[in-house]
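The sequence and the structure are shown below.

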Amino acid sequence: MDLSGDLNYHHLRYFWAVAHEGNLTRAAERLHVTASAVSVQIRKLEDSVGHALFARRGRALELTEAGRITLRYADEIFAAGDELVGVLREPAGTRRRELRVGALATLSRNFQIGFVAPLLARDDVEVVIRSGALASMLAELEAHRLDVVLANVSPPRTARSPWVPHAIAEQPVSLVGQPGAEADVPLEALLEREPLVMPTKDSSIRTGFDALVARLGVRPRIVAEVDDMAMLRLVARAHQGLAVVPPIVVKDELDGGRLIEVVRLPGLTETFFAITMARGFPNPLLEPLIGADDEPRGAG
């Protein structure tokens with residue numbers, strides 16, 4: 001068998017270090033070798049793949065297009081290697097299991113808590129939750145620094161997309177307001193008469209709401225738009241009009257009587273997703289949380 005075209009992972013490791021450091025000298029210090037040795041190894045890798053991977057811009061090294069592609073694969077290769085070592089070195093039952101959860105920063109806190117609730121009472125499990133923008137959370141997922149990302153949008157996918165979105169819950173969207181808000185008024189009248197607070201135009205809820213009012217032929221009185229569900233919850237509590245919100249977001253207020261559900265908006269729902277990677281060693285804590293099928297269930 002001819003192995004002459006096989007990738008040399010030693011060369012790739014040197015390239016990976018330089019690409020992340022952006023500097024040959026710093027990478028050499030990190031690798032505990034000389035800068036000339038690093039340079040030689042990178043030239044050998046470039047000869048092997050048939051493309052220049054770096055271009056010099058003054059004293060700095062910049063990745064070429066081929067270099068950026070190589071770095072993407074190198075990140076996956078070495079992250080998978082670290083994961084493999086961690087999984088195979090860990091004797092069964094010798095330490096607490098960890099579930100690393102990323103969540104869209106604007107996602108309902110009640111939904112996040114509900115998702116991890118089955119694990120919170122377990123002494124053998126530690127749950128780590130981080131929040132941020134969807135792009136940064138997906139990057140952390142791809143780098144194997146997260147096990148799952150929670151979102152209320154499904155990320156765009158192509159044939160090469162590495163992630164898998166699971167639709168795990170679906171919630172209705174309602175008009176909620178202070179106790180005493182009229183509940184026996186036709187929906188069209190409520191929408192035109194009551195001042196409304198609601199999610200911003202880039203949310204799936206707002207897209208559905210705009211389609212609904214277009215079908216009804218009404219012009220709603222929108223007085224505030226909020227892109228964060230935690231803030232929308234606070235505004236709904238203080239607002240004298242109505243809020244367009246999934247009941248799960250204001251569950252505590254509804255249970256305690258501080259807010260009431262005036263009417264559910266017909267045909268309008270919010271879908272929650274658990275986004276994972278197709279991994280050879282998936283975290284076993286995830287399966288009971290996501291479920292064997294992808295049929296959305298109530299978010300509770």
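A polar contact is a pair of N or O atoms within 3.5 Å; within protein, one must be able to donate a hydrogen and the other to accept it, and residues adjacent in sequence count only if both atoms are side-chain atoms. Helices (H or I, at least four residues) and strands (E, at least two) are DSSP runs, numbered from the N terminus. Asparagine 8 caps helix 1 at its N-terminal end, with a side-chain oxygen 2.9 Å from the backbone nitrogen of histidine 10.

The model is a predicted one, in which local features need pLDDT of at least 70 and side-chain atom pairs count only at pLDDT 80 or more, while totals for chains, interfaces and linings use all residues. Residues are numbered from 1 along each chain as its sequence is written, and side-chain values use heavy atoms, with hydrogens and water left out.

**Overall content**

The protein has eleven helices and eleven strands. Of its 300 residues, 42% count as buried; buried means under 20% relative accessible area, exposed over 50%, and partly exposed in between (1.4 Å probe, protein chains only). A contact means heavy atoms within 4.5 Å. Among contacts between residues at least 6 apart in sequence, 74% join residues at least 24 apart.

**Helix 1**

Helix 1 comprises 13 residues and spans 18 Å from its first C-alpha to its last, close to the 18 Å expected at 1.5 Å a residue; the expected span is 1.5 Å times one less than the number of residues. Its buried residues are His11, Leu12, Tyr14, Phe15, Trp16, Ala17, Val18 and Ala19. In general, an α-helix has 3.6 residues a turn, so residues three or four places apart point the same way. After the helix comes glycine 22, with a positive phi near 70°.

Tyrosine 9 belongs to helix 1 (residues 9-21) and counts as partly exposed because its relative accessibility is 46%. Beyond four places in sequence, tyrosine 9 touches Ile77 and Phe78. Isoleucine 77 lies 68 residues from tyrosine 9 in sequence, and their C-alpha atoms are 9.4 Å apart.

Histidine 11 is also placed in helix 1. With a relative accessible area of 11%, histidine 11 is buried. Its side chain forms a polar contact of 2.9 Å with the side chain of glutamine 41. Not counting residues up to four places away, histidine 11 touches Gln41, Lys44 and Leu45.

**Two loop residues**

Histidine 32 sits in the loop between helix 2 (24-31) and helix 3 (35-49). Its phi is near 60°, a positive value in a residue other than glycine. Histidine 32 counts as exposed because its relative accessibility is 73%.

Valine 250 sits in the loop between strand 9 and helix 10 (251-256). Its relative accessible area is 0%, so valine 250 counts as buried. Apart from neighbours within four places in sequence, valine 250 is in contact with Asn110, Val176, Arg233, Ala236, Val245 and Leu259. The C-alpha atoms of valine 250 and leucine 232 are separated by 9.0 Å, at 18 residues apart along the chain.

**Parallel strand pairs**

Two strands pair if DSSP finds at least two bridges between them.

| Strand | Partner strand | Bridges |
|---|---|---|
| Strand 3 (residues 97-104) | Strand 4 (residues 125-132) | eight bridges |
| Strand 7 | Strand 8 (residues 221-226) | five bridges |
| Strand 7 | Strand 9 (residues 242-245) | two bridges |

Arginine 97 has valine 125 in strand 4 as its bridge partner. Proline 195 is bridged to arginine 221 in strand 8, and leucine 196 stands opposite leucine 242 in strand 9. Strand 7 (residues 195-199) is mostly covered, with five of its five residues buried.

A right-handed β-α-β unit is made by strand 3, helix 5 (residues 109-120) and strand 4. Strand 7, helix 8 (residues 204-216) and strand 8 also make a right-handed β-α-β unit. A crossover is right-handed if, with the strands pointing away from the viewer, the path from the first strand over the helix to the second runs clockwise.

**Confidence**

pLDDT is the predictor's confidence in each residue, from 0 to 100. The mean for the protein is 84, and 89% of its residues reach 70 or more. Confidence is highest in strand 5 (residues 148-151), at a mean of 94, and lowest in strand 11 (residues 297-298), at 48. Over residues 292-300 pLDDT stays under 50, and the model has 23 contacts beyond four places in sequence for them. Where pLDDT is low, the predicted coordinates should not be read in detail.
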